[in-house]
Amino acid sequence: NGKGSVSTMTASILTRSGIHTGLYVSPHLTSYTERIQIDGQYISEEDFARQLTAVRTIAEQMVAEGEESPTQFEVLTALAFLYFAEKKVEYAVIEVGLGGLLDSTNVITPEVSVITNVTMEHADRCGGTLEGIAHHKAGIIKDGVPVVTAAKGMPLEILRETAREKNADIFVEGEDFHSNFVRFYGYMQQLEFSSALLGVNHALYALQLLGTHQIENSALAVMTAELLHNTDSRITSETITQALAIAVWPGRFERMDLGAQRIIVDGAHNPAGMKSLRSSLDTYFPEGDRVFLLGILKDKDIDAMLPELLRPNDMVVMTTPDSERAADPGVVAYKVHAQTVEVEPDRALALEKALAMAAETGRLLCVAGSLYLVGEIRQLLLARKEKMER
């Protein structure tokens, strides 16, 4: 959790500093082109197709020579690296896929390694335990390359040990630097960054990305930028502040109001994400109960996710994410403990029900549970907003 947000903020800082910057993130909401950006612009469909053709030629050659067929993520990673090389970016901000150690992105030697946190996400592919996941994430730490992290407890000790073995300096959120919440105003939050190590105390900045989790994430991005400043003077406190105020990460605690109806769309899809979402809702919108439009994948920890998010007085509409892995909304509804629960498999109709429910009760509407759901609902909301503004 937090990888995409920190990557986006860091890339925004570099771009604002006048640096030709690539960004590779995953997953996407509506188009694969969202995953590959240069200076804030998505790769064009034409360039995507052209680079994919080049990668496909090599992939087919590998298979013909008896090697395994590359995975979809490996193909996309190769495509991104090829595109960044062709466009001669100065920096590329690369988000790992799973873990780190065995991730296809881990062929690079970075200027800074950033490990946001260590949770049980993808445990089945990263050792099955929190300790195993920590070792996998520590796999991106390289010899002599500084590390920035917000990990805590046992996972942090594993990262420290790996950093010692690699002779890499490690900078820990909450010890070497931190950010605090100051206030929330409409579509922005004001925060302050401090680091005795850097001689910075209560430096104020505005952040368009909402959510309590973004307080910590933005601190990681600022610290990363400060380390890069040591070797690149184009990065300044001014460009950092300017970039954070305009950085966007669609579908992550994003405010998408329709007239007077308050709406939050968030891609939370695991227990840690749901806990963070609930904390953010209670912090920024403390008054009243909520209406939730939820759609969850069947391979997620649904039994742990729902109690983290829902309260007895909430109202819920369950629907089906646009994925073969979607959980049956009727089955999930039986696990929900809320004031009311309705099931509507059709996503467009589910949105209509949720909006009507929220309008009738004067409640905030929150859409969450899966990025597959959020991507489509977000497009429907944008279409409605455009229609309202005509």
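Visitor: Which residues are buried in α2, and what makes a residue count as buried?

Guide: Asp 47, Phe 48, Gln 51, Val 55 and Ala 59 are buried in α2. Buried means under 20% relative accessible area, exposed means over 50%, and partly exposed lies in between (1.4 Å probe, protein chains only). This is a predicted model, where local features need pLDDT of at least 70, side-chain atom pairs count only at pLDDT 80 or more, and totals for chains, interfaces and linings use all residues. Residues are numbered from 1 along each chain as its sequence is written, and side-chain values use heavy atoms, leaving out hydrogens and water.

Visitor: What makes α2 a helix here, and what span should it have?

Guide: Helices are DSSP runs of H or I with at least four residues, strands are runs of E with at least two, and both are numbered from the N terminus. Helix α2 has 20 residues, 45-64. The expected span is 1.5 Å times one less than the number of residues. That gives 28 Å for α2, and its end C-alpha atoms are 28 Å apart, so the two agree.

Visitor: Why does His 202 get its label?

Guide: Its relative accessible area is 43%, so His 202 is partly exposed. His 202 belongs to strand β10 (residues 200-207).

Visitor: What makes a set of residues a nonpolar core?

Guide: Its members are buried Ala, Val, Leu, Ile, Met, Phe, Trp, Tyr and Cys residues, joined through side-chain atoms within 4.5 Å. The largest nonpolar core here has 61 residues, and Leu 277 and Leu 294 have the most contacts inside it. Helix α6 (residues 213-229) gives the most to this core, nine residues.

Visitor: What does Leu 277 have contact with?

Guide: Contact means heavy atoms within 4.5 Å. Leaving aside neighbours within four places in sequence, Leu 277 is in contact with Phe 253, Asp 266, Ala 268, Leu 309, Cys 366 and Ala 368.
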